[in-house]
Amino acid sequence: MGNILREARVRQGWTRAELSERTTGLVAPSSISSYESGHRAIKVETLVTLCAALDVRIESVFRAAERRLGS
């Protein structure tokens with residue numbers, strides 16, 4: 001899921017700091033980095049916050065993750 005979030009952020013042309021700002025500071029840039037790299041599991045609440053900031057539907061994130069897993 002982290003790769004999908006990173007791709008959405010990069011498509012927007014945002015840094016991790018800019019994405020953090022768009023979450024009104026609820027998600028720190030260092031946390032975003034950890035989620036994107038897969039070093040930290042993401043809570044559903046955090047995923048919802050990031051999807052809202054990225055203007056991405058959470059369903060599309062789950063569908064993309066399923067496709068990548070071959071499900």
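Which residues in α1 meet which residues in α5? Here are my notes, with that one picked up in point 3.

1. Ground rules. This is a predicted model, where local features need pLDDT of at least 70 and side-chain atom pairs count only at pLDDT 80 or more, while totals for chains, interfaces and linings use all residues. Residues are numbered from 1 along each chain as its sequence is written, and side-chain values use heavy atoms, with hydrogens and water left out. Helices here are DSSP runs (H or I, at least four residues), numbered from the N terminus.

2. α4 spans residues 44-54, and its buried residues are Thr 46, Leu 47, Leu 50, Cys 51, Ala 53 and Leu 54. Buried means under 20% relative accessible area, exposed over 50%, and partly exposed in between (1.4 Å probe, protein chains only). The buried set packs against α1 (2-12), α2 (16-22), α3 (29-37) and α5 (58-69). Just after α4, have a look at Asp 55, with its positive phi of about 60°.

3. α1 against α5. Back to the opening question: Asn 3, Ile 4 and Glu 7 in α1 meet Val 61, Ala 64, Ala 65 and Arg 68 in α5, contact meaning heavy atoms within 4.5 Å. By class, that contact has four nonpolar, one polar and two charged residues. (Ala, Val, Leu, Ile, Met, Phe, Trp, Tyr, Cys and Pro count as nonpolar, Asp, Glu, Lys and Arg as charged, and the others, Gly among them, as polar.) The two helices pack at an angle of about 125°, with axes 9 Å apart. Axes are lines fitted to C-alpha atoms, for helices over the stretch in contact, and angles run from 0 to 180 degrees between N-to-C directions. α1 and α5 are therefore oblique to each other. For the wording, under 35 degrees is roughly parallel, over 145 roughly antiparallel, 65 to 115 roughly perpendicular, and the rest oblique. The crossing of α1 past α5 is right-handed; that means the near helix is turned clockwise from the far one by less than a right angle, and left-handed means anticlockwise.

4. α1 against α4. Here the angle is about 25° and the axes are 10 Å apart, which makes α1 roughly parallel to α4. This crossing is left-handed. From α1 come Leu 5, Ala 8, Arg 9 and Gln 12, and from α4 come Leu 47, Leu 50 and Leu 54. The contact of α1 with α4 counts five nonpolar, one polar and one charged residues.

5. Met 1, in the segment before α1, is partly exposed at 36% relative accessible area. Leaving out residues up to four places away in sequence, Met 1 touches Leu 47, Val 61, Phe 62 and Ala 65. Gln 12, in helix α1, is partly exposed at 37% relative accessibility. Gln 12 and Asp 55 are 43 residues apart in sequence and 9.7 Å apart in space, C-alpha to C-alpha.
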